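The briefing below sets out selected features of one model, grouped by topic. Please read each group with the sequence and the structure side by side.

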Amino acid sequence: MSLKFYNTLTREKEDFIPIDSKEVKMYSCGPTVYNYPHIGNYRAYIFADILKRVLTYEGFNVKHIMNLTDIDDKTILNSQKEGKTLKEFTEFYSEEFFKDEKILNILSPNKFTKATDYVDEMVSIIKKLMEKGLAYKSTDNSIYFDIKKFKNYGKLSRLVLEEQKETTSLTPQYYGRIKTDEYEKDNVQDFALWKAWDEKDGDIFWENALGKGRPGWHIECSAMSMSNLGEQIDIHTGGVDNMFPHHENEIAQSEGATGKQFVKYWMHNEWVLVDQKKMAKSFNNFYTLRDVLDKGINPLAYRFWLLMANYRTRVNFVWEALEGANIALKRLYKLYIELGEPIGKPNTEYQKRFKTFLEDDLDTSRALSLLWDLVKDDTISPADKKATILDFDKVLGLNFENIKKEEKINIPEEIIKLAEEREEVRKNKDFKKSDELRNKINSLGYEIKDSSEGPQISKI
Ligand SMILES: [Zn+2]
């Protein structure tokens, strides 16, 4: 079996053959740092993480770049609302994002690139597009990409422009132009590469050969990808909702400027739904990692739950499902701990099967079933089982290595409060109340032992 990925560009599962066998170049659209991401957003980053881990497991060297959109319509609007500078506002949410990534055991890319650090590179791509006649300055002084001049516009999202249908027409249809960063497929228009300053931008602008203004959102990713990975890359990831217009526009800008194919494999993850509707800020049906933590659920249970499904299928989020995943994960951890201390050798037969599943377009669902088969398999010694689990975990990222530490960290706030209350009444020699509190802690599944270093809480 060879490594196969579903390529959105061709709508087919294809053998993965990198452009340069020494290094896989991978770019992921990162967060717009204007708010706390919701857990639906994290599906894209967990998916990119699994992809990268599988490539590494297969022996590839991966160079991975992820951007932080720290300048766009939303960051400007929200920073103004909060009365903060754009920099201080976006740095706060970038830090929050980094914390969440750690909690979800997502490996950091080789580099996080901030859009505001690449404005010069964006300007030079825009200039090139203007020289080639693919971009024009409009009456409002903004610069737009002329989509009808780029023959392959729409190839990723499979749009058929009127223009392309009527090749004999002497009067090409005028598409109009759009200045906002986000728009729908039925609103295909020339999009903004450089937005001329207007009052709403306040003190956020650059001044250069293109005039006073700021970049459009789409050009940011073209510039950051090309600057760090070169004109052609192997894999570009993102949520399926970024396919149009964002990725379509990235192709137009990058290929328009270089004349070369920008990305070999486009890979998109599907949505997380709530009540059959996409989890989104705009629908107000979203949850954050803080909500997960508040419920005493291990955030890695969310990762575990996502891995039960293929990244290309929509998943419907309900708390009961996440709680179920949390219990299942705890059971796996417990079984792992019961294997004892010694670590043997990974079982090659299991490793082979594990690889085969992941090579089939990252079938994490079957890989997880195999993990369950492994823990139940009595023919494998506990030490070898342990080594095999740790080997699988290089891809799954469920943090088996640090379980013991994890358990301690995960003692719910409520239990800690009860233990503190018990300490207080003990100091006052109210032993009756102290016993009552101990019983309450026990009834919630925890026990408390008094040691020379103070009370120690553990799970029963
Ligand atoms: Zn992007």
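In this predicted model, local features need pLDDT of at least 70 and side-chain atom pairs count only at pLDDT 80 or more, while totals for chains, interfaces and linings use all residues. Residues are numbered from 1 along each chain as its sequence is written, and side-chain values use heavy atoms, with hydrogens and water left out. The lining of the largest pocket draws at least two residues from each of H1, H6, strand S12 (233–239) and H7, where helices (H or I, at least four residues) and strands (E, at least two) are DSSP runs numbered from the N terminus.

**Largest pocket**
- H7 gives the largest share of this lining, namely four residues.
- The largest pocket holds about 1,100 Å³ of space; a pocket is an open set of points on a 1 Å grid over the protein atoms alone, with protein on both sides within 12 Å along at least five of seven lines, whereas a cavity is a set of points where a 1.4 Å probe fits but cannot get out, and lining residues have an atom within 4 Å of a point.
- Grid points are joined across faces, edges and corners, and a volume is the space filled by probe spheres set on the points.
- Of the 43 residues that line the largest pocket, Asn 41, Glu 182, Asp 241, Asn 242 and Lys 278 lie nearest its centre.
- The lining of the largest pocket divides into 18 nonpolar, 15 polar and ten charged residues, with Ala, Val, Leu, Ile, Met, Phe, Trp, Tyr, Cys and Pro counted as nonpolar, Asp, Glu, Lys and Arg as charged, and the others, Gly among them, as polar.

- The structure has one cavity of 30 Å³ or more, and the space in the largest cavity is about 110 Å³.
- Its lining consists of Arg 43, Ile 46, Phe 47, Ile 50, Leu 306, Leu 307, Ala 309, Asn 310, Tyr 311, Leu 362 and Thr 364.
- Helix H1 (42–57) and helix H9 (300–307) each contribute at least two residues to the lining of the largest cavity, and the largest share, four residues, is that of H1.
- Eight nonpolar, two polar and one charged residues make up the lining of the largest cavity.

**Zinc site**
- Cys 29 (SG), Cys 221 (SG) and His 246 (NE2) coordinate the zinc ion at 2.1 to 2.2 Å; donors are N, O and S atoms within 2.8 Å of the metal (3.2 Å for Na, K and Ca), and water is not among the atoms, so sites may look incomplete.
- Along the chain, the donors of the zinc ion follow the spacing C-x191-C-x24-H.
- Distant parts of the chain are linked by the pair Cys 29, in the loop between strand S3 (24–28) and H1, and Cys 221, in helix H6 (residues 217–229), which are 192 residues apart.

**Helix packing**
- H9 and helix H10 (residues 319–337) pack at an angle of about 100° with their axes 8 Å apart, where axes are lines fitted to C-alpha atoms, for helices over the stretch in contact, and angles run from 0 to 180 degrees between N-to-C directions.
- H9 and H10 are therefore roughly perpendicular to each other, a term for angles of 65 to 115 degrees, as against roughly parallel under 35, roughly antiparallel over 145 and oblique for the rest.
- The contact (heavy atoms within 4.5 Å) includes Leu 300 and Trp 305 of H9 and Leu 329 and Tyr 333 of H10, and the residues of the contact of H9 with H10 are twelve nonpolar, one polar and no charged.
- The axes of helix H4 (residues 119–131) and H6 come within 9 Å and cross at roughly 105°, and H4 and H6 are therefore roughly perpendicular to each other.
- Glu 121, Met 122, Ile 125 and Ile 126 of H4 meet Ile 219, Glu 220, Ser 222, Ala 223, Met 226 and Ser 227 of H6 in this contact, which by class has six nonpolar, two polar and two charged residues.

**Backbone features**
- Phe 244 and Pro 245 are joined by a cis peptide bond with omega of about 0°, and Pro 245 is found in helix H7 (residues 243–258).
- Asn 141, although not a glycine, has a positive phi of about 75° and lies in the loop between strand S6 (135–137) and strand S7 (143–145).
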